[in-house]
Amino acid sequence: MELKFLVHYSFHFIVPAIIAGAFFKENWKKVYLIFIATMFIDVDHLLANPIFDPNRCSINFHPLHSYIAIAIYFLLLIWKKSRILAIGLLLHILADAIDCFL
């Protein structure tokens with residue numbers, strides 16, 4: 001299995017599960033589902049041609065992966081009601097950013 005694929009999908013599924021279990025013990029299932037739901041930001045890939053390019057870096061290429069969007073995700077950490085969503089979005093961005101370096 002390719003290292004890039006393994007690392008990318010570990011950061012999309014395994015790392016969020018570990019974080020949900022470690023920091024949100026009472027509601028870990030709900031938090032994990034929110035983390036997984038943040039993958040819907042990949043809908044912006046539908047705007048690209050081709051839709052999927054394994055060699056393309058998503059960061060600052062797709063609108064929901066732009067530096068402005070990432071700054072907004074960091075701002076969402078401020079408010080308690082949006083913090084879990086922000087963590088999920090930033091984990092997603094981290095997974096995509098790691099792809100850019102592998």
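## A walk through the predicted model

N60 sits in the loop between α2 and α3, where helices (H or I, at least four residues) and strands (E, at least two) are DSSP runs, numbered from the N terminus. This is a predicted model, in which local features need pLDDT of at least 70 and side-chain atom pairs count only at pLDDT 80 or more, while totals for chains, interfaces and linings use all residues. Residues are numbered from 1 along each chain as its sequence is written, and side-chain values use heavy atoms, with hydrogens and water left out.

Back to N60, then. Its phi is near 65°, a positive value in a residue other than glycine. N60 is partly exposed because its relative accessible area is 41%; buried means under 20% relative accessible area, exposed over 50%, and partly exposed in between (1.4 Å probe, protein chains only). P50 belongs to the loop between α2 and α3, and a cis peptide bond joins N49 to P50, with omega about 0°. For background, most residues other than glycine have a negative phi, and most peptide bonds are trans.

How far can you trust the coordinates? The protein chain has a mean pLDDT of 93, and 99% of its residues reach 70 or more. Among its elements, α1 has the lowest mean (92), and helix α3 (residues 67-75) has the highest (98). Where pLDDT is low, the predicted coordinates should not be read in detail.

E2 is in the segment before α1, and E2 counts as exposed because its relative accessible area is 54%. Its C-alpha atom is separated by 24 Å from that of F40, 38 residues apart along the chain.

Next comes a helix pair. Helix α1 (residues 3-23) and helix α2 (residues 28-37) have axes that come within 9 Å and cross at roughly 150°. Those axes are lines fitted to C-alpha atoms, for helices over the stretch in contact, and angles run from 0 to 180 degrees between N-to-C directions. The crossing of α1 and α2 is right-handed; a crossing gets that label if the near helix is turned clockwise from the far one by less than a right angle, and left-handed if anticlockwise. Which residues of α1 and α2 meet? From α1 come H12, F13, P16, A17, I19, A20 and G21, and from α2 come W28, V31, Y32, F35 and I36, with contact meaning heavy atoms within 4.5 Å. The residues of this contact divide into 10 nonpolar, two polar and no charged. Here Ala, Val, Leu, Ile, Met, Phe, Trp, Tyr, Cys and Pro count as nonpolar, Asp, Glu, Lys and Arg as charged, and the others, Gly among them, as polar.

K29 is also in helix α2, and K29 counts as exposed because its relative accessibility is 56%. From K29 to P54, 25 residues apart along the chain, the C-alpha atoms are separated by 31 Å.

Follow the chain into the loop between α2 and α3, and you find D42. D42 is partly exposed, with a relative accessible area of 25%. Leaving aside neighbours within four places in sequence, D42 is in contact with H65, H92 and D96. With H65 there is a side-chain to side-chain polar contact at 3.1 Å; that term covers a pair of N or O atoms within 3.5 Å, where within protein one must be able to donate a hydrogen and the other to accept it, and residues adjacent in sequence count only if both atoms are side-chain atoms. The C-alpha atoms of D42 and I14 are separated by 18 Å, with the two residues 28 apart along the chain.

The last stop is helix α4 (residues 80-101), where S82 has its place. Is S82 buried or exposed? S82 counts as buried because its relative accessibility is 13%. Its side chain reaches the backbone oxygen of L76 at 2.6 Å. K80 is in helix α4 too, but K80 counts as exposed, at 71% relative accessibility. K80 and L91 are 11 residues apart in sequence and 17 Å apart in space, C-alpha to C-alpha.

Definitions and conventions. pLDDT = per-residue confidence, 0-100.
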